[in-house]
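Have the 3D view ready and follow along.

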Amino acid sequence: MNDDDWVRAMNAISEVVMNRPLPLRAFDQIYMRAGDMVQQAIRVGNWAQGQKVAFIGDGDGIALSVAVLVNLGIIKKGPERIKVFDFDERIVNSVRRLANKERLKGVEAELYNCLDAFPEKGAFDRFYTNPPWGESNEGNSVVVFARRGIEAIGYRGQGMIVIADDPELEWPSKVLQKVQAYAIGRGFYVASMEPMLHGYHLPEAEHLRSCNLVVGSVQGTARMHAEDTIEEARLTNFYGRSKEPRVKYVRDRARPDHDRAIEQDYTLEMWENLR
Ligand SMILES: C[S@@+](CC[C@H](N)C(=O)[O-])C[C@H]1O[C@@H](n2cnc3c(N)ncnc32)[C@H](O)[C@@H]1O
């Protein structure tokens, strides 16, 4: 990418960032940093060229980032279809809002909780997920999101799972092992793993990075397992320690000026009162 393209790309991603609702830490929403989003969007766009892609939870806004970079011609050929499934209506509405404003073709969003059955099984060729990373539940939360992704592609195709990767810590390697074993058990193999790629707006763990783990189906072996019902054990510490999933949907309080500060956020100190 030349300097000119880099500036155009950053400006487009800055629209995506401004359009994101503020993250709710109670549900592990922790957003990716802008420079990393540009690189991630280019990777995902190229990986999913001409494909139908389901994004299972996408607070980061990678689906929109891919679409705006395709619009600019920075990604030469993008996916045929992009659909975001998220339980946060603010995110669903933010996808629809920017897709409308920028006339992004083939971009959709639906309110969906991954504890429910997946509504469009087999309708996609690729899935992408950046789930709750499963530090306190040995990766069970990642497995729930990955399972929905695998259903979205009907056990045929590829999925990109974005999760923690830090060789200095023990838990990310345990989660990576669990997720890989899960995917292999369903007839998938690890097609690639790009380590320590992305940083996040996470002040208490600035160093923490995530990787792109890509799994692909092995023809004739991909299959559903009996234990794939989502039992209670999978839900313990879902969003972190003692944070079980009790909320079905986060509802939006839509307001037309979503990209401006609201009065509750600040007070004004008037000149006349200071004299
Ligand atoms: C949990 S966050 C993980 C961190 C990621 N970097 C982010 O902030 O988007 C991923 C996305 O999953 C969504 N999500 C959380 N719980 C969900 C659920 N039960 N069903 C569907 N989506 C969910 C969140 O709203 C968010 O957009």
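Let's start with Q29, which touches L22, P23, L24, D88, R90 and I91, leaving aside residues up to four places away in sequence. Keep in mind that this is a predicted model. You'll find Q29 in the loop between α1 (3–19) and α2 (34–47). Is Q29 buried or exposed? Its relative accessibility is 9%, so it counts as buried. The side chain of Q29 also makes a polar contact of 2.9 Å with the side chain of D88.

Now for the ligand. It is surrounded by 22 residues, and the closest are Q29, I30, G59, D86 and Y239. So what does Q29 do here? An N or O atom in the Q29 side chain sits 2.8 Å from an oxygen atom of the ligand. On its own the ligand would expose 550 Å², and the protein buries 99% of that.

Next up, charges. Side chains of opposite charge can pair when their charged atoms come close. This structure has 17 salt bridges, and the table shows some of them.

| Pair | Closest N to O distance |
|---|---|
| E206 and R33 | 3.0 Å |
| K174 and E170 | 3.1 Å |

Take E206 and R33, which form a salt bridge. This pair links distant parts of the chain, 173 residues apart: E206 is in the loop between β6 (188–198) and β7, while R33 is in the loop between α1 and α2. With 41% relative accessibility, E206 is partly exposed, and R33 is partly exposed as well, at 30%.

R81 belongs to strand β2 (residues 81–86) and E108 to strand β3 (residues 107–111), so the pair ties together parts that are 27 residues apart in sequence. R81 is buried at 17% relative accessibility, whereas E108 is partly exposed at 31%.

Then there's K174 with E170. K174 is partly exposed, with a relative accessible area of 47%, and E170 counts as exposed at 57%. Elsewhere, salt bridges with shared partners join R81, K83, E108, E110 and E120 into one network.

Last stop: the surface. Y266, L268 and M270 make a nonpolar patch of about 320 Å². M270 is in the loop between β7 (210–217) and α7 (271–274), and it counts as partly exposed at 37% relative accessibility.

Note on methods. Residues numbered from 1 in each chain as written. Predicted model: local features only at pLDDT ≥ 70, side-chain atom pairs only at ≥ 80, totals over all residues. Heavy atoms only, no water. Patch = residues over 30% accessible without salt bridge, like charges linked within 9 Å, V, L, I, M, F, W, Y side chains within 5 Å. Areas by Shrake-Rupley, 256 points an atom, 1.4 Å probe, with all protein chains shown as cover. Salt bridge = Lys/Arg side-chain N within 4 Å of Asp/Glu carboxyl O. Helix = DSSP H or I, 4+ residues; strand = E, 2+ residues; numbered from the N terminus. Buried < 20%, exposed > 50% of the residue type's maximum accessible area, 1.4 Å probe, protein only. Polar contact = N/O pair within 3.5 Å; in protein donor to acceptor, adjacent residues only side chain to side chain. Contact = heavy atoms within 4.5 Å. Near = heavy atom within 4 Å.
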